[in-house]
Amino acid sequence: MFNTKLKIVSVALIALMAVTVTSCTDDLNTSPIDDDVETSESVYTGPDKYRQVLAKLYAGFATTGQQGPAGNPDIQGIDEGFSSYIRQLWVAQEISTDEAVVGWNDTGLPEFNYQEWNASNDFVMALYSRIYYQIALANEFIRNAQGNDNQQVQQYLAEARFLRALSYWHALDMFGGNVPFVTEDDPVGAYQPEPIGAQELFNYIETELTEIESEMPAPGDNDYGRADQGAVWTLLTKLYLNAEVYTDEARYDDAVTYANNVIDQGGYTLDEDYEHLFMADNHEAEGLIFSIPFDGVNTQTYGGTTFIHHAAIGGNMNPSNFGTGEAWAGHRTTPQFVDKLDEGERFEGYETENPGGNNEVYVPGGYQPNSGYGAEWSPADAPPLVSENNDDVYTGYFYVNSAGAEIQITAERDWNESYGGADGNLEAGGSNIILQKPGLHRMTVDLNNMTYEVDAADSRNTLFTDGQEKEIPTLAEFTNGYGLAKWKNVTQSGQSGSDAVFVDVDFPMFRLADVYLMYAEATLRGNSGDMNKAVGLINDLRERSYGSDIADISSGDLTLEFILDERGRELYWEGHRRTDLVRYGQFTGNEYVWSWKGESSDGRGTDDRYNLFPIPAADVNSNLNLTQNPGY
């Protein structure tokens with residue numbers, strides 16, 4: 001699948017320019033490779049041409065080559081689909097954590113389940129190469145745009161600097177200091193770049209972002225899929241929130257400042273439907289700050305969201321329900337993360353209030369003893385559903401601690417009149433209703449029409465449990481571990497995406513909910529945030545997800561541990577988890593373990609060296625200026 005050393009080869013910039021980047025130790029800049037193709041002098045001739053080249057910089061986060069989905073790759077020596085920026089970012093940020101496991105046995109991939117990668121790991125090299133490929137493209141663009149006085153070109157220049165800063169942030173976050181550093185000021189041609197320290201790289205990213213802040217379009221004023229001031233503010237918030245990890249210096253008050261910019265000046269709003277954020281028409285969703293667009297016809301790749309989407313489908317999942325004919329049966333989640341989604345003790349024994357003494361029905365079942373409701377199948381102990389208008393329509397909440405719970409509906413606190421059924425239809429004395437997910441549930445029973453609706457109360461809970469086991473005794477079997485049905489190539493109106501193989505779902509690199517959570521965390525860790533505002537922002541997220549204030553928290557509930565769990569519930573499978581766990585000191589070591597961490601089905605501690613990925617051995621061996629990260 002991989003060559004021993006990945007080598008970045010030619011890329012045509014929107015059919016206008018051919019360049020070569022032969023690995024970050026040989027040449028991190030671009031140069032002509034063929035007399036028959038256009039050079040920089042002929043390409044950079046006007047704003048329209050600059051815009052076309054800028055499109056390649058953005059497309060490099062989504063596509064993998066010149067034609068799609070394969071056949072003319074940017075990076076040689078690797079399966080083209082594997083070389084996708086978003087795919088490699090997702091693997092590094094998710095499979096290494098409690099949010100995801102993978103059952104495939106591609107060389108080097110299982111090590112991400114275990115946190116046992118080394119400096120020769122092919123996937124580490126693929127991630128590193130894609131980051132530096134993007135940096136090389138940006139350097140070439142910036143080098144040519146610097147002397148152009150055209151106002152539009154200067155905006156494009158600021159966008160290119162943002163994209164380069166984003167990639168350098170990924171390098172800092174995942175590889176630390178000591179990585180090669182090249183800008184537009186360095187010469188074109190083969191040479192051995194010098195490394196840069198973590199503090200210096202942090203300072204560079206910070207300076208780049210603050211310098212371009214005023215040159216970027218205002219939030220919402222750029223084309224969809226292109227960066228604006230909101231994206232700059234969000235990346236600065238992320239940089240400052242993690243500054244203590246990167247540089248040993250806390251910058252939480254700066255994180256509060258830039259999060260406030262996004263919240264108060266960005267004009268963003270939360271989408272009313274959480275699921276819409278991950279659907280085929282999510283370009284229409286609210287609260288997206290910076291997305292990587294994907295289109296089933298025009299940006300075909302086996303990486304990106306096609307990979308995220310297809311790899312999650314398997315077992316009893318029907319691919320057509322997800323807008324595709326593909327089921328790659330790769331990714332599930334760990335039992336430890338399942339427990340975070342259902343929130344455990346917070347809702348145990350929860351009963352719907354009925355201060356007006358309205359009519360009730362009851363929900364007995366086998367779940368009762370383990371969920372805080374007394375004896376199993378006891379109507380006397382069962383939680384009620386309440387008819388607010390005494391019209392035989394009953395609504396309420398109850399907690400279930402595991403998937404597969406079976407319930408009935410009784411008219412009284414006895415079994416004289418009971419109802420069961422399936423697929424939303426009720427009948428007297430019918431079969432038990434089976435609940436597919438753990439967690440707080442919301443149920444409506446209409447005895448006028450003999451129908452019911454029931455599902456997890458938190459719309460973020462997309463667990464798929466039918467035919468799946470919670471525990472993961474073996475990784476290769478897809479039915480070990482619950483699935484997550486978060487990403488769907490279906491529109492809000494129920495239409496499948498434009499292609500049955502390649503999805504239309506855009507990747508939300510930055511979104512408003514993340515900024516809300518970062519503001520709350522920086523407020524707790526720093527000195528300048530408003531605690532009441534932080535609590536309000538968290539409750540905005542929870543009310544959006546639960547559809548009511550049933551899950552609201554108070555200031556006493558807002559702890560750092562709560563925020564880490566809430567970040568998981570809100571942002572899982574979006575490429576944030578590794579960075580979060582590292583910041584909390586829970587990624588390596590024994591403080592927090594999950595299934596298959598440390599190559600144990602029960603989980604065990606790992607060495608702290610895995611908080612960073614190694615510099616690929618091929619680059620360390622060929623660049624005498626580089627030294628390996630500690631422990632590798």
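Trainee: What covers the buried residues of α16?
Mentor: The cover includes α8 (229-241), α12, β22 (507-511), α14 (512-525), α15 and α17 (577-583). Buried is under 20% relative accessible area with a 1.4 Å probe, protein chains only, and cover goes by contact, heavy atoms within 4.5 Å. Helices (H or I, at least four residues) and strands (E, at least two) are DSSP runs numbered from the N terminus.
Trainee: What sort of model is this?
Mentor: Predicted, with local features needing pLDDT of at least 70 and side-chain atom pairs 80 or more, while totals for chains, interfaces and linings use all residues. Residues are numbered from 1 along each chain, and side-chain values use heavy atoms, without hydrogens or water.
Trainee: Why call α16 largely enclosed?
Mentor: Because 10 of its 12 residues are buried.
Trainee: Which ones?
Mentor: Phe562, Ile563, Leu564, Asp565, Glu566, Arg567, Gly568, Arg569, Glu570 and Leu571.
Trainee: What does the backbone do just after α16?
Mentor: Trp573 takes a positive phi there, about 60°.
Trainee: Switching to Thr334. Where does Thr334 sit?
Mentor: In the loop that runs from β9 (331-332) to α12 (335-342).
Trainee: Is Thr334 buried or exposed?
Mentor: Thr334 counts as buried, because its relative accessibility is 0%.
Trainee: What is Thr334 in contact with, beyond four places in sequence?
Mentor: Asp98, Val101, Ile472, Trp594 and Ser595.
Trainee: Which atom of Asp98 lies 2.6 Å from a polar atom of the Thr334 side chain?
Mentor: The backbone oxygen of Asp98. A polar contact is a pair of N or O atoms within 3.5 Å, one able to donate a hydrogen and the other to accept it.

Key: Buried < 20%, exposed > 50% of the residue type's maximum accessible area, 1.4 Å probe, protein only.
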